[in-house]
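This report describes one protein chain. Look at the sequence and the model first, then read on.

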Amino acid sequence: MNTQSLLRRSVLVLGIAGLLAGGAYAQSTDPTPQQQDILSDKKDIRQDKQDLAKDRADRNADQHNVNQDRRDLNKDRVDRNKDQRDINKDKLDLRNDDAKYGVNSAQAQADRKDLHTDRVDRNKDQRDINKDRRDLTADRKDRNQDQRDINKDKRDLRKDRKDLRHDRKGR
């Protein structure tokens with residue numbers, strides 16, 4: 001055997017060994033960067049879907065709170081208006097009793113007491129109205145923030161799906 005044929009055989013054996021090694025490497029379980037991108041995109045999509053569902057649940061709960069606050073606000077306004085009508089009636093009764101029985105009469109004193117009670121009730125109802133308005137504003141703010149989160153999650157989901165399609169085409 002001469003050196004030239006030995007050299008040819010060695011190069012041939014090394015070439016075949018290289019091809020086998022390359023094939024084995026290609027079939028290894030390590031994902032390629034493209035496969036890693038696809039897996040990452042799928043994970044991002046799952047996470048975005050979970051975020052979207054959570055944000056929708058939060059928004060719906062906040063909307064429920066907004067509706068409840070509006071009902072409370074309406075009820076408090078009805079109560080306040082009723083108390084104001086009672087105050088107006090008591091003022092009229094007081095004027096009539098003052099004129100009829102005198103300023104220090106028992107009837108006038110009772111009317112003053114009723115007037116005071118109605119004013120206290122009206123003021124309490126007004127404080128409730130103010131509190132309900134603050135609650136309503138806060139709940140609307142929360143609901144609107146949740147809606148913005150939903151919109152952002154939808155954009156993220158669309159972007160991740162687009163990335164996934166792009167990565168699959170690049171195969």
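Arg-140 is found in helix α3. Helices (H or I, at least four residues) and strands (E, at least two) are DSSP runs, numbered from the N terminus. The structure is a predicted model, in which local features need pLDDT of at least 70 and side-chain atom pairs count only at pLDDT 80 or more, while totals for chains, interfaces and linings use all residues. Residues are numbered from 1 along each chain as its sequence is written, and side-chain values use heavy atoms, with hydrogens and water left out.

Arg-140 counts as partly exposed, at 34% relative accessibility. Buried means under 20% relative accessible area, exposed means over 50%, and partly exposed lies in between (1.4 Å probe, protein chains only). Ala-61 belongs to helix α2 and is also partly exposed, with a relative accessible area of 39%. The table gives the C-alpha separation for a pair that involves each of these residues.

| Pair | Apart along the chain | C-alpha separation |
|---|---|---|
| Arg-140 and Asp-69 | 71 residues | 10.0 Å |
| Ala-61 and Asp-149 | 88 residues | 14 Å |

How do the two helices lie relative to each other? The axes of α2 (residues 33-101) and α3 (residues 106-169) come within 5 Å and cross at roughly 165°. Therefore α2 is roughly antiparallel to α3, a term for angles over 145 degrees. Axes are lines fitted to C-alpha atoms, for helices over the stretch in contact, and angles run from 0 to 180 degrees between N-to-C directions. The residues of the contact of α2 with α3 divide into 15 nonpolar, 7 polar and 52 charged. Here Asp, Glu, Lys and Arg count as charged, Ala, Val, Leu, Ile, Met, Phe, Trp, Tyr, Cys and Pro as nonpolar, and the others, Gly among them, as polar.

The largest nonpolar core has 6 residues: Ile-38, Ile-45, Leu-52, Ile-150, Leu-157 and Leu-164. The elements that give two or more residues to this core are α2 and α3. A nonpolar core is a set of buried Ala, Val, Leu, Ile, Met, Phe, Trp, Tyr and Cys residues joined through side-chain atoms within 4.5 Å.

Overall, the protein has 3 helices and 0 strands. Of its 171 residues, 20% count as buried. Its C-alpha atoms fill a box of roughly 145 × 20 × 15 Å, taken along the principal axes.

Conventions: Angles under 35 degrees count as roughly parallel, over 145 as roughly antiparallel, 65 to 115 as roughly perpendicular and the rest as oblique.
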